[in-house]
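Hello,

Here is the structure you asked for. My notes follow below it.

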Amino acid sequence: MTYASFTLSQDGPIARITLNRPDKRNSMTPDFWAELPEAVGHLSDEGQTRVLILDAEGPVFTAGMDISVFTNPDALATDTASHREAFMTAALALQDSFTAFETARFPVIASIQGPCVGGGVDMICACDLRFGTKDAWLRIEETNIGMFADVGTLQRLPKLIPEGVARELAYTGETLTPARAEKLGLYNAVLEDADGLRAHVDKVAAKIASKAPLTISGTKRSFLYARDHSVADSLQHAMTLQAAMWNTDDIREAMTARGEKREGNFTPLTPVRRMGRT
């Protein structure tokens, strides 16, 4: 399947979405917002992907929302109550585009090889892991153009770094350096350059892909539930999930493979058949 705003490739259980408009600083066009959840949802439902890498071509990871979105008078009309309702509905759909990373049955790794601005920060905050290069700085750009971030940054970033720092970045619109992002724990690691970044991320992805798919899916679901619920509720949820997903075959294979010093041979996730999707 081909997309206008990125390429999608597959190497065994590892999928890769690559932003491929480097001449436009990989800005997010209207096509991008529609294509991204479709691509991620398809990979998730298919059941063959065990980890997804999100990366980009060129010196800039993404400049955020493309200017064409802001110059479309129909998309931004708010002069009547009906227009404002439509505006809100469209904005909620943008939020859903990045929430697709969270609802995917596999982890998503952001491989950030250069500056990440505006909507890009919203996007990487919805990923499971984030790695960057020494020039992969971040900025909540919305503050600098007279609006506030509304596609996930203000909701997810305070769960990833201290809330006071998240507020500082959102209120000032100042740049977060890669070194500080790593120190705060937003970046799992900072690599020297794009080649080093890719090699490191590929290694992490391969390690994740070597585990039992049900184990990784259940772990991701538990992390997300715990983020938004109390410890007591999360413990109950974890036990219910464990009871539902307990797989003796995977446990036996994992232990046997470890004893024999080989990769485990696990069954892929069962495909999800949704109404209207082939």
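Pro213 sits in helix 10 (helices are DSSP runs of H or I, at least four residues; strands are runs of E, at least two; both are numbered from the N terminus). This is a predicted model, so local features need pLDDT of at least 70 and side-chain atom pairs pLDDT 80 or more, while totals for chains, interfaces and linings use all residues. Residues are numbered from 1 along each chain as its sequence is written, and side-chain values use heavy atoms, without hydrogens and water.

Pro213 is buried, at 8% relative accessible area (buried is under 20%, exposed over 50%, partly exposed in between; 1.4 Å probe, protein chains only). Leaving aside residues up to four places away in sequence, Pro213 touches Arg50, Phe266, Thr267, Pro268 and Leu269 (contact means heavy atoms within 4.5 Å). Phe106 is 107 residues away in sequence, yet its C-alpha is 7.8 Å from that of Pro213.

**Helix 4**

Helix 4 covers residues 81–103. Its 23 residues should span 33 Å, and the end C-alpha atoms are 32 Å apart, which agrees (expected span: 1.5 Å times one less than the number of residues). There is a kink of about 35 degrees, centred on Ser97 (the angle between axes fitted to the seven residues ending there and the seven starting there). Ser97 is also one of the buried residues of this helix, with Ala91, Phe98, Ala100, Phe101 and Glu102. These buried residues pack against helices 1, 5, 6 and 10 and strands 3 and 4.

**Salt bridges**

How many salt bridges are there? The count is 17 (a side-chain nitrogen of Lys or Arg within 4 Å of a carboxyl oxygen of Asp or Glu).

Arg16 pairs with Asp202, with the closest N and O atoms 2.7 Å apart. That pair links strand 2 to helix 9, 186 residues apart. Arg16 is buried at 12%; Asp202 is partly exposed at 27%.

Lys159 and Asp228 also form a salt bridge, 3.6 Å from N to O. Lys159 is in helix 6 and Asp228 in helix 10, so the pair ties together parts 69 residues apart in sequence. Through shared partners, Glu102, Arg156, Lys159, Arg227 and Asp228 join into one salt-bridge network.

**Trp246**

Trp246 lies in the loop between helix 11 and helix 12. Trp246 is exposed, at 55% relative accessible area.

Best wishes
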